[in-house]
Amino acid sequence: MRGSRLGEFEEIVLLTVAVLFDEAYGIAVKKEIEARLDRKISVGALHTAFNRLEKKGFLQSRLGEATASRGGKRKRYFQVTASGFGALKTVRQTRNEFWEAIPEIAFK
Amino acid sequence: MQPPKWMTDLLQWGLPSGKAEDILGDLLELYEEWRGERSQGISNWRFFLHTLSLLPLFSPQFSLFSRILNQIAMFNHYLRIAWRQMQKHVRFSLINIVGLTAGLAAGLLILLYVQYELSYDKSYPEHEQVYRVNFQVPYDGGTEVIALTPNIVSPLMQRTFPEVQAGTRVYEGGRVIFRIEDELIEEPAYFYVDSLFLDIFQLQTLSGDPDAALREPRSLVLTESAAQRFFNSTDVVGKLVERINSKKPYKVGAVIQDPPANSHFQFSTLVSFYTLRKTLYTDEHWGMANYYTYLKLSPGANLEAISEEIKAKVVEQMGEQARDIALQFQPISDIHLYSGHIIYNPFQAGDITYVYLLTTVAFLILLIACINYVNLTTARSTQRAKEVGLRKVVGAQQGELFVQFIIEAVFITAISFLLALLVIQLVLPAFNALTERSLSLGMMQEGKMIWGATLVFMLVAFISGSYPALSLSRFRPIQVLRGSFHGASSGGWMRKGLVVFQFAVSIFLIIGTLIIVQQLNYLQSKSLGYDREHVLSLPVSGSIDDNIQAFRDALTQQPEVIAVSSCTESPYQIEGGYSIQKGWREGEEGLSVTAMAIDEAFVPTMKLRMVTGENFPQFRVAKYGEPNWQFILNEKAVESMGWTSEEAIGQQVMLNGRAGMVKGVVNNFHITSLHHEIGPLVLFNGPDLYTLMVRLAPGEVSQGIAAVEKTWDAWEKNEPFQYHFLDDQYHRLYQDEEKISQIFTIFSILAILIACLGLLGLISYTTAQRTKEIGIRKVLGASVGQLVLLLNRDFLIPVLVAILLSTPLAWYAMNQWLDNFSYKIGISTWIFFLAGAICLLISWITVSFQSFQAATADPVEALRDE
């Protein structure tokens, strides 16, 4: 299981790819994260995360069609794999269990 | 709307092939967006930052980039640490920086000076092809080389050898006076030259046609500064100039650039050779060596073959007696530094030995400054030991630590280097005044100099940094971190050795300086055989020359004037080139001598001593062709002719065609500098008495000058009053040595100060380490005196050893230098004691300054343990 753990930033990237569904390429993901979290991220950091997530098998990718913009370069679209969703669910479940274990009194 | 190509190329090249396209695409998309809102600069900058963020994604084979990035980060870190160290130990850093700054400033200054000395005459285009012809003539059993040649040499060479592309004779016109717009203007550097002069000394023409000007009589070529001085303008071609004592006016034919300051030949007005008396250029002959000859040869000309051939020609034209005569070809770029042995080398000269000497001194001073850094850094190494240990524990390699400490040395050196440049800028005017050169910091940027300076910088950083870096980076982490480490003691002998070296060098320089100064004092005060104090020499011409007797009578009536005499030149510059023979038959072999025409008052005025015979009985100026010349020989000349003084009187002799009799013998007196031995000298009753020697009463010198000037003004309307003191003129013969001795004094003081600075650093460190020991000793009853002695002892022993080491070396080296002089001091032992004492005293004061402070400190402070 060691290799399949999710870091905080990786989790966010994975979630964002899931949110964008069919439109999840680099810049779209970058903008979505920046909009939701109100923080700037670098292209390098983003692609490093993509790399790792692909290596762990949580993401898969395909190249799109070439367009006139972007200097004629194709986009790479990402998609969350089944194990990717599995990992996200595990994280969420673990969190929920923690939340439920907090005694009522702690919130008062 | 494209980011710079090199960035996209870099990404394309570095990113793994499968990823490059889409990532680059992402970036380009962003870029387009930015360019919609922001300027290109900001967009480019953002693009660059994102590119940097992608470097970790580069394929493994390009991971060099990330390593470089890491190195840059480490470099930043090292610089920061170096800066913090500097702030934390202000005192030591200051000592290091001040020491290195002083050393670098001295070193670079000398480097500049040496560079300047080596640059002489090299700014002329094609200077490699230009030679001065020197004349080698027999003299007193051997030969001597003079810079003057007969007037035939240049035309003959040009006619005979196709390799000679151009040649010029240069005849020194001496001082002339022009009258320009009713103002008398003196021109001290006036030269008669042939028309090809400017083919050899290629200077830019500012106006007019200098080649044409030098072909016509009475036509002048002015340098820019001369034109400014005469007319306050350079647009002067065609203007007429009146020369005093000349009936016809001179015309300005052209204005040229000034000769470069770093040229041996400084002239300001040139006049065509055809202005001279006609016979001087039409009658070519081998007598009368009065002309400098410069030739320009074709590239690759065979000098040896030319010398051989011209020698054969000389023998052919002058007969067997010319066997020893030869022409030598000296490259003009050698004239400045390699003319020590050449007589009548007319211009201010340098000396290659002084160039070597100063380079050595510069190197030694730099070394002393480097040693300070080495000593202080290694002495304080215990303080850095923990840092080294910890760095090693977290994975630093020895090599990396070495780099770190080298970078610290480079950092300190760089600061010192910048400060040194500032210091040079400040002292340069004074240094220029002292050396009579025109150095500038701008020379630093010139070709070789920039490499020289860089080399000095690297060398200093490396010499200072490498040993401390090596010893620090070698610490073993276990020893260091266990806390039982005393690294400083291990390098103690090394530090002491270096201190010995520093002081040995300083003492060497001090001894050298003392001996040079002593020798110069000796030269200045040595009895010259004549009394040169309070004697004025006045060059005369024009109206005074026409009424010389009346003028002299007028002078003698002044109460401040003791005696007046006429002669050809001041005694310090009596000319050679004469030869005296026994008997009156032409063509006998002669003795080469120096000679001068004088009057009957010369011997008493100069206070010469007659050995035998009389001082010109019934004096009158002799004429050529009459056998009534009278001669006074010095003892050396009499001896060289093979007579005793008594035998000499009444002998029939002939001096270059002047037949006459020896009338008297005078004591040997020094005519040139004491570099040379007294040679044979002949005084005779000739014409051309252009110089007046006026002896003033001691104690009334200034009134005397005023009286002479008043008389002068009454008699002479055309010439300004001008005089020299004979002893000043004499001092000028030793200008070189005086300058060098001043430079030497400055730098040897600097050397010892830098060495003491290091000593100060070392003692302040050890006293800080021994604070507790001193406290305990005090508590137990040690007196301040005992403590000071205890602390000083450690430092004075190296100084004593240094004295012992450097004394014999200095003795040997200075004996070598003194061999340059025919008349010299013996080196007395007190000099060595004095130098040693100076060194001991200075270092004692330096050390005591610190040790006294430590010894008088309150022991409570030292022993209290919170």
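In chain B, B:Met7, B:Leu10 and B:Leu11 of α1(B) meet B:Phe47, B:Phe48, B:Thr51 and B:Leu54 of α3(B). Contact requires C-beta atoms, placed from the backbone, to lie within 7 Å. The model is predicted: local features need pLDDT of at least 70, side-chain atom pairs count only at pLDDT 80 or more, and totals for chains, interfaces and linings use all residues. Residues are numbered from 1 along each chain as its sequence is written, with chains lettered from A and ligands numbered from 1 in the order written.

**Helix pair in chain B**
- Helix α1 (residues 5-14) of chain B packs on α3(B) at about 20°, with the axes 11 Å apart.
- α1(B) is therefore roughly parallel to α3(B) (angles under 35 degrees).
- Axes are lines fitted to C-alpha atoms, for helices over the stretch in contact, and angles run from 0 to 180 degrees between N-to-C directions.
- Helices are DSSP runs (H or I, at least four residues), numbered from the N terminus.

**Helix pair in chain A**
- The axes of α1 (residues 8-20) and α3 (residues 43-55) of chain A come within 10 Å and cross at roughly 85°.
- α1(A) is thus roughly perpendicular to α3(A) (65 to 115 degrees).

**Interface**
- 16 residues of chain B contact 17 residues of chain A.
- α2(B) gives the largest share of chain B's side, 11 residues.

Definitions and conventions: Contact = placed C-beta atoms within 7 Å. Helix = DSSP H or I, 4+ residues; strand = E, 2+ residues; numbered from the N terminus. Parallel < 35°, antiparallel > 145°, perpendicular 65-115°, else oblique.
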